[in-house]
Amino acid sequence: MEKTRKIGAAAIPVAVYLLAALFFILPLLRLFIMSLTLEDGTYGLGNFIQLLSEERTHEAIINTIIIAVSSTAIAAVIGSFIAFLTAYSNIKRKGIIEFLVMLPFIIPSYIITLSWSSFLSTRGAFNGIITAIGLPAVDIYTMGGIILVLGFCNIPIVYVNVVHMLRKIPRDMEWAARACGYSQRQAMLKINLRSAAPAIAAGSVLAFLSAIDNFSVPAFLGISSGIPVLSTYIYENAIGFGPNSFPLAAALSMILSVIAVAGTLLEGFFVSRGASMDSIREDYDVRVEFKESKRKAFEWGTLGLLMILNIIPMLSMLASSFLKAYGLDFKPENLTFKNFAFVFQNRGVVSAITTSVTLALVTTVVCIIAGTAIAYAKLRLKSRAAVILEKCASLTYAIPGIVLALAMIFHWVEPLPGFRPGIYGTINILIVAYITRYLVMQIKGSTTALLTVDPAMEEACAASGRGFAARWTKILLPLITGPILSGAFMIFVPSLTELTLSSILASAGTKTIGLTIFNYQQGGDYNLAAAMSVIITILVVGGYCIVNRKHLFSVNKEVKGYEPAYKKGDKKLREDPSPEGNQP
Amino acid sequence: MTKSFGKTQALKEINLDIADSEFIAILGPSGCGKTTLLRIVGGFIEPTSGIVSLNDQIYSGDGHMVPVEERDLGMVFQSFALWPHMTVRQHVEFPLKSPRHKGMSEKEKKEAVENAINCTGLKPYADRLPGELSGGQRQRVALARAIVGRPSILLMDEPLSALDAELKIEMRREIQNIHKLTGATILYVTHDQSEALAMADRIIIMKDGAVEQIGTPREIYMEPQTVFAATFVSRCNLIKGSWNEDSFKVDQENVMLHSSTVPWEFRNKGLYPVRPEQLLISPEGQGMPGIIANKQYNGREIHYSVQYHDQILTVYSSSQTEFDPGDRVSITLTA
């Protein structure tokens, strides 16, 4: 009995390692081998040599870097600045500002791209005004267009990283600098900005990674105008039918992955630099009091900027979804509900929605269960296997989606010699791919949720004579369900609106929402694409509001009752006097 | 001076005169407004009404608000507020690089930094980051940073509450030394009675945003003026009875006490304050009858809780005779 239990206990980690290898490591290994496979079946660096000698590869690499760096700069500057305003200043309407900043985080980037291309279309209102006053029309199908849209899409990534860090910087550290004889501006620069620097850097690296990973923006704006970047170039190679197209795509993927993994390591470095602030609670008090006129200027300036970035293009897209044909003027006689009627009746669209909803639900449920179990094993059972599994899962999240899609094809046709699960070409390959991609997010989310539960609470449950079942149903689940579900929402939405993986992995019967919109756009049916995007946007934003209603509400309340909030700060200091000072 | 936050009045009419080089402890339970008072003096928050001034210069109030950085002060925070990215030496140099010390020569600055590091015993750790220091060392860095610019006022916000018991005693001595060395006026906020009694020249007792009593540690301890001061600082027992001129008849007993110094607040409420060490326990006999409810051995003395009618009296006894819980005893008042 004792012996079989020991064998069982030893078998679990082995099984976990095998699973990690099968789902996370082997696909990437397969891709690596494919990149070294030459046309004649031998192995060598031939693919890389061939690629690097091609002008178009150089162009794609250079474009990728220019676009990623410039869009990151835009996201970093705007994101950090708005984070500073909402974290520290006395501007009002912080709730609505935060909501607007976060919009691009939940609306898929291809819908944002569509809205911008609708707003800046050659025959649109904006370019009409611009050309009327004698300026050259703005063309969004250019490098500049891609950079701008990507930059705007990535603002929330920087914002989220920076705003939490800014709020965590203890007020005392800033006041200590004031007491040392520095003005508020100097204290902000020398202490707060310096302390937030790792977060700004980490957020920027994440924005950079998201930019090189992004497929939809360069696909929507760059393919038709012949601007290659690595992600779209891989896509073109992978769907092309050249004799050597897959190995070439694999080789390109390796190049892109190297950049991505290097970036991820850099981000990890910055995060560890700022980790000393992890345990500190966020402080929502106003720290910088602007005079009334300045406050209004910043408040309305920020709102105006966010309106221009997020709302006006969306309105333009909404308008074009009611047009009978692309490019018509927005007049009563040109309006129709035909596009929406088509979207609701078309069998392809309905099946795409069914596919995507199924995919999102299955992915989310599997991720919640597996992710929470792994997080629990990692935190409470101190399982090495769980830690390694998480590392493997983060690898498939770090590499760009287009690369993962390729790896999925190579791997799942015949994952083990002689074993052909036959999932390629069915919805199952998408489910596997989504889980492979998003699982690490749930592991992280569940880890955060579990960290809020003191192990002593579980021990107290055990000490009260209750077993495993009571521990989970009476203690853990009530405490972690909320945070886990709101974290899982950030898996549900991306998998509902996913485009990159499905662009390569979907087959005729398993088209997703993203792919359908992509196909309409590529086929020139802009109004249909717009109508479908409008529906998706409403659903996703509505869901976001419901999930975050508490937060939206509390931010509003906090802003309303903002006046001098020093007293709350006093209380916070007293409630949480960390015995070790400001270092853990 | 007053301070309100919205509708709640955090400070009610505080009037204080502080002399140069005085060590003032502001003592009170949490939420009494002592930190608010300190922050107003520091200039981190503005008083709702009233004036804060140093010598003849108005710091806050009357439409003026001298910013923190232009006030001649140093501050030590409860959380130490060290900057994780700076070494000990950089912390100590930081104040001298501010515009406040533009007038100092490089040589003077260097000397001041060395002095501050030496007198806080930080020499061996000068190049370490806060993360590599122990709690006591961090506290010393915070002290060195506060005194290096020789401010005329030092503000300390519960500086020892984050340290463990033994370090607290050690740091008390250190802070006293610094006070002697620098001659700065110290405003020291604490909720620890023994800290205030041990270090301060004068103690300000606060409760619910108002000052209860101001006085030297001896005055506060021996002659508490209010019920709160009596119970909070010297842990006085309040014996119920009735006053007639300077004599006090204890309820339900045939015991008369005499005092001409008990303040009016006690007299009006029919109370007589007795410190725990003023009470004497003896085997049942003459005096107020009681039953030992609890006994705590403390080394030098034994702390008893004695059930006396519906009241629990605290008695600190250093006598050799010991009593056990349940013993019937009688309590008398010593001189």
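Modeller: Strand S17 (residues 288-297) and strand S20 (residues 328-333) of chain B run antiparallel and are joined by four bridges. Helices (H or I, at least four residues) and strands (E, at least two) are DSSP runs, numbered from the N terminus. Keep in mind that this is a predicted model: local features need pLDDT of at least 70, side-chain atom pairs count only at pLDDT 80 or more, and totals for chains, interfaces and linings use all residues. Residues are numbered from 1 along each chain as its sequence is written, while chains are lettered from A and ligands numbered from 1 in the order in which they are written.

Colleague: Which residue does B:Met288 stand opposite in S20(B)?

Modeller: B:Ile331.

Colleague: What order do the five strands of that open sheet take?

Modeller: S16-S20-S17-S18-S19 in chain B, with antiparallel pairing. Two strands pair if DSSP finds at least two bridges between them.

Colleague: And which are the edge strands?

Modeller: Strand S16 (279-283) and strand S19 (311-317) of chain B, each pairing on one side only. From one strand to the next, the twist averages 45 degrees. Axes here are lines fitted to C-alpha atoms, for helices over the stretch in contact, and angles run from 0 to 180 degrees between N-to-C directions.

Colleague: Where is B:Glu301?

Modeller: In the loop between S17 and strand S18 (302-308) of chain B. B:Glu301 touches B:Tyr316, B:Ser317 and B:Ser318, leaving out residues up to four places away in sequence. Contact means C-beta atoms, placed from the backbone, within 7 Å.

Colleague: Why does B:Glu301 count as partly exposed?

Modeller: Because 15 other C-beta atoms lie within 10 Å. Buried takes 20 or more within 10 Å, exposed 12 or fewer, and partly exposed is in between, with C-beta atoms placed from the backbone.

Colleague: What about the open sheet of four strands?

Modeller: Its order is S14-S13-S12-S15 (chain B), and the pairing is antiparallel. Strand S14 (256-258) and strand S15 (271-274) of chain B each have a single partner strand, so one side of each is left without a neighbour in the sheet. Strand S12 (residues 237-244) of chain B is joined to S15(B) by four bridges. One pair there is B:Asn237 with B:Val274.

Colleague: Zoom out. How is chain B divided?

Modeller: Into domain 1 (3-222) and domain 2 (236-333). Those bounds come from an automatic or database domain assignment. The C-alpha centres of the two lie 39 Å apart. Chain B has nine helices and 20 strands, and its C-alpha trace spans about 75 × 45 × 30 Å along the principal axes.

Colleague: Now chain A. Which domains does it have?

Modeller: Domain 1 (27-128 + 135-321 + 550-584) and domain 2 (337-547). 35 residues of domain 1 of chain A are in contact with 36 residues of domain 2 of chain A. On the domain 1 side, H12(A) gives the largest share, eight residues.

Colleague: Which residues touch the most other members of the largest nonpolar core?

Modeller: A:Leu406, B:Ile26 and B:Tyr188, out of 258 residues. Such a core is a set of buried Ala, Val, Leu, Ile, Met, Phe, Trp, Tyr and Cys residues joined through C-beta atoms within 7 Å.

Colleague: What does A:Leu406 touch?

Modeller: Setting aside residues up to four places away in sequence, A:Leu31, A:Ile234, A:Ala238, A:Ala249, A:Ala250, A:Ser253 and A:Ile504.

Definitions and conventions:
Two residues are in contact if their C-beta atoms, placed from the backbone, lie within 7 Å.
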